[in-house]
Amino acid sequence: MLKHPNTKYRPFLPVDLANRQWPNRTITAPPIWMSTDLRDGNQALFEPMDSERKMRMFRSLYDIGFKEIEVAFPSASQTDFDFVQILINGNHIPSDVTIEVLTQAREHLIRRTMDSLRGARRAIVHVYNATSRPFREIVFGISKAEVIDMAVASVLLVKQLASEQLETEWAPCVRIVVASTFKKK
C-alpha cells in the first residue's frame, strides 16, 4: 500500500443528476481500505483457517498497511470467536489498527459477536441483513417493513451492548450492508 494514498486519488468531475445527492460529491480524502480476508464464518473455505494461519494472515495484512481488518465472523464458529479473543487478550492488535467483526442482524448472534469483542481497544461491528425477496419471504417469512424493523432493532442492540463495554472505543459507525435493494413498484 502507498504510504500516502492521498497522492493517488484526485477529485473527479461531479455528475449532475437531478434528485440525486451522491453523484455530485467528490473524493476529498483517500479511502480507508478494509480487508475481509480473515472472515471464514459460515462462508468457510473447504479447509477453514485455524488460529495459527489466521494470525499469520493478520500480521501480513498489517505489514501490507491495512489499518482496518475484519478479523472474524465470531458468531458463526468457535474458531472465529476464539481468534478474536486471542488477538485481544494476547495484545496482538497494533495501536493503529482497528479490528472489525461481522454479524447477522439477529439478536443471539449480535450478543455472541459483542461478547467476542470484550477487552478490545477499538472495534467496528459490521451488521448485515439479507433483504432480497427470497430471503424475506422464504427464509425469514417477513415483510419489507419487518426487515427495516429488524435492521433498526439490531443497530439499537449493538449500540446498547457497546455502551456496556466501556473499555472499547467503538468506531463512529455501525456498518450495515444490504444484500440487495428494494425496487419501487
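**Helix packing and the nonpolar core**

The model is predicted; local features need pLDDT of at least 70, side-chain atom pairs count only at pLDDT 80 or more, and totals for chains, interfaces and linings use all residues. Residues are numbered from 1 along each chain as its sequence is written, and side-chain values use heavy atoms, without hydrogens and water.

The axes of α1 (residues 51-64) and α2 (residues 78-89) come within 10 Å and cross at roughly 50 degrees. The crossing of α1 past α2 is right-handed. On α1, the contact (heavy atoms within 4.5 Å) is made by S51, K54, M55 and F58; on α2, by T79, D80, F83, I86 and L87. These residues comprise 5 nonpolar, 2 polar and 2 charged.

Helix α3 (residues 107-116) also packs on α2. Their axes come within 9 Å and cross at roughly 30 degrees. The two helices are therefore roughly parallel to each other. Q78, F81, V84, Q85 and I88 of α2 meet R112, D115 and S116 of α3.

The largest nonpolar core has 32 residues. Such a core joins buried residues (under 20% relative accessible area, 1.4 Å probe, protein chains only) through side-chain atoms within 4.5 Å. F58, V71 and I99 have the most contacts inside this core. Its largest share, 6 residues, comes from α5. I99 touches residues including F58, V71, V84 and I88, not counting residues up to four places away in sequence.

Conventions:
Axes fitted to C-alpha atoms, helices over the stretch in contact; angles between N-to-C directions. Helix = DSSP H or I, 4+ residues; strand = E, 2+ residues; numbered from the N terminus. Left-handed = near helix turned anticlockwise from the far one by under 90°. Nonpolar A, V, L, I, M, F, W, Y, C, P; charged D, E, K, R; others polar. Parallel < 35°, antiparallel > 145°, perpendicular 65-115°, else oblique. Buried < 20%, exposed > 50% of the residue type's maximum accessible area, 1.4 Å probe, protein only.
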